[in-house]
Amino acid sequence: MTLSSRRPTSARLLLLATTLALPGSVSAQVASAPAPTPYEIINSAAETSEISAQPLRGGVVLLQGSGGNMAVLSSPQGLLMVDAGIALSEDKLEAKLHEIGPGPIRFLINTHWHWDHTDGNVWVQRDGAIIVGQANTAKHLTESIRVVEWGHTFTPLPASGRIALMIRDEMIMAFGGDELRLRYYGPSHTDGDISAYFTKADILLTGDTWWNGLYPFIDYVAGGSIDGMIGAANANLEMAGQRTIVVPGHGPTGGRAALQEYRDMLVTIRSNVAALKSQGMTLDQVIAARPTAAFDAKWGQSLIGPELFTRLVYRGV
């Protein structure tokens, strides 16, 4: 499975700037040069983007600008982070964290293994943090993994950046006057995804089981599947109340209505692709039939375009 060779248009790059924290423009490529890989695009964005801090509720602050969404809660004892972004953002992230609270980072939660959520583990651990994550995520951080769609082979994190406190199914942590409930989804986006729910603040972080306004990536190499993604979407709907602030892995915050729309999109596209595949259509024939067409204008304008998302769904039905 490969990415389309089509280069991003200006409109696509503008959308990336507002959803994946990518820059508004990219240096022009000479005609003979290969298009940058998604890995390179996202890293370049993290290198040039500022880190934004958006207070949510109950002292929880949303951080954006270094790959996936992050959150931090400050207390007199220090800070608790959910996800650590990309390592090259270290200086900018540290400066922003010092604005939020003066203490050291006590805990870091990894929602899953992907580098745009865990690449900062090493410097965060150096600040004194205990890194928490699901057992499968801990395993993947010790492996070399080729993700063809990102155009990159990920190598093991140094030992200092690996998970020290492992979750099997569920864990409850008291911190900063709140109670953080960590739950394992089962195989979904990967085979190690967890949610992080601040019970007092009523804020749910879904990691990459939800991409708000974007087709999601599904990491089949690390145990993900379209059916698992739908299962995680259902779990998010069960966990979110009417007032819950829901933080996706990528994109803006939302609530139950946005979660429902996303879940329905996944179910419909899965059904469309499965019906075409059951007729004996090849992957190329299914792509040509445009089973995502009704959703492309809203969901398909970023790195995971209609063709790639169709490929990902086709693989799992």
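Val60 stands opposite Leu73 in strand β3, where strands (E, at least two residues) and helices (H or I, at least four) are DSSP runs numbered from the N terminus. The model is predicted, so local features need pLDDT of at least 70 and side-chain atom pairs count only at pLDDT 80 or more, while totals for chains, interfaces and linings use all residues. Residues are numbered from 1 along each chain as its sequence is written, and side-chain values use heavy atoms, with hydrogens and water left out.

Strand β2 (residues 60-64) runs antiparallel to β3, and four bridges join them; two strands count as paired if DSSP finds at least two bridges between them. Five residues lie between the strands of this hairpin, and Gly65 takes a positive phi near 125 degrees there. β3 also pairs with strand β4 (residues 78-82), again in the antiparallel sense, over five bridges. In that pairing Leu73 has Leu80 as its bridge partner. The hairpin of β3 and β4 has two residues between its strands. Strand β3 (residues 70-75) is mostly covered, with five of its six residues buried. Buried means under 20% relative accessible area, exposed means over 50%, and partly exposed lies in between (1.4 Å probe, protein chains only).

Now to the helices. Helix α8 covers residues 256-278, which makes 23 residues, and its first and last C-alpha atoms are 33 Å apart, close to the 33 Å expected at 1.5 Å a residue. The expected span is 1.5 Å times one less than the number of residues. Which residues of α8 are buried? They are Ala258, Leu259, Tyr262, Met265, Leu266, Ile269, Val273, Ala274 and Leu276. An α-helix has 3.6 residues a turn, so residues three or four places apart point the same way. The buried residues of α8 pack against α7 (226-239), β14 (245-247), α9 (283-289), α10 (296-299) and α11 (306-315). Just after α8, Gly280 takes a positive phi of about 90 degrees.

The largest nonpolar core has 69 residues, and those with the most contacts inside it are Trp150, Met265, Leu266, Ile304 and Phe309. A nonpolar core is a set of buried Ala, Val, Leu, Ile, Met, Phe, Trp, Tyr and Cys residues joined through side-chain atoms within 4.5 Å. Helix α8 gives the most to this core, with eight residues. Apart from it lies another core, of 24 residues, including Ala71, Val82, Ala196 and Leu205. Beyond its neighbours within four places in sequence, Phe309 is in contact (heavy atoms within 4.5 Å) with Tyr215, Pro216, Ile218, Met265, Leu266, Ile269, Thr292 and Ile304.

The charged side chains come last. A salt bridge is a side-chain nitrogen of Lys or Arg within 4 Å of a carboxyl oxygen of Asp or Glu, and the whole structure holds nine of them. Glu143 and Lys139 form one, with the closest N and O atoms 2.6 Å apart. Glu143 is partly exposed at 23% relative accessibility, and Lys139 is partly exposed at 45%. Arg263 forms a salt bridge with Asp264, where the closest N and O atoms are 3.4 Å apart. In the salt bridge of Glu307 with Arg311 this distance is 3.1 Å. Glu307 and Arg311 are four residues apart in helix α11, so about one helical turn separates them. Glu307 is partly exposed at 30%, whereas Arg311 is buried at 14%. Elsewhere, salt bridges that share partners join Glu170, Arg181 and Arg183 into one network.
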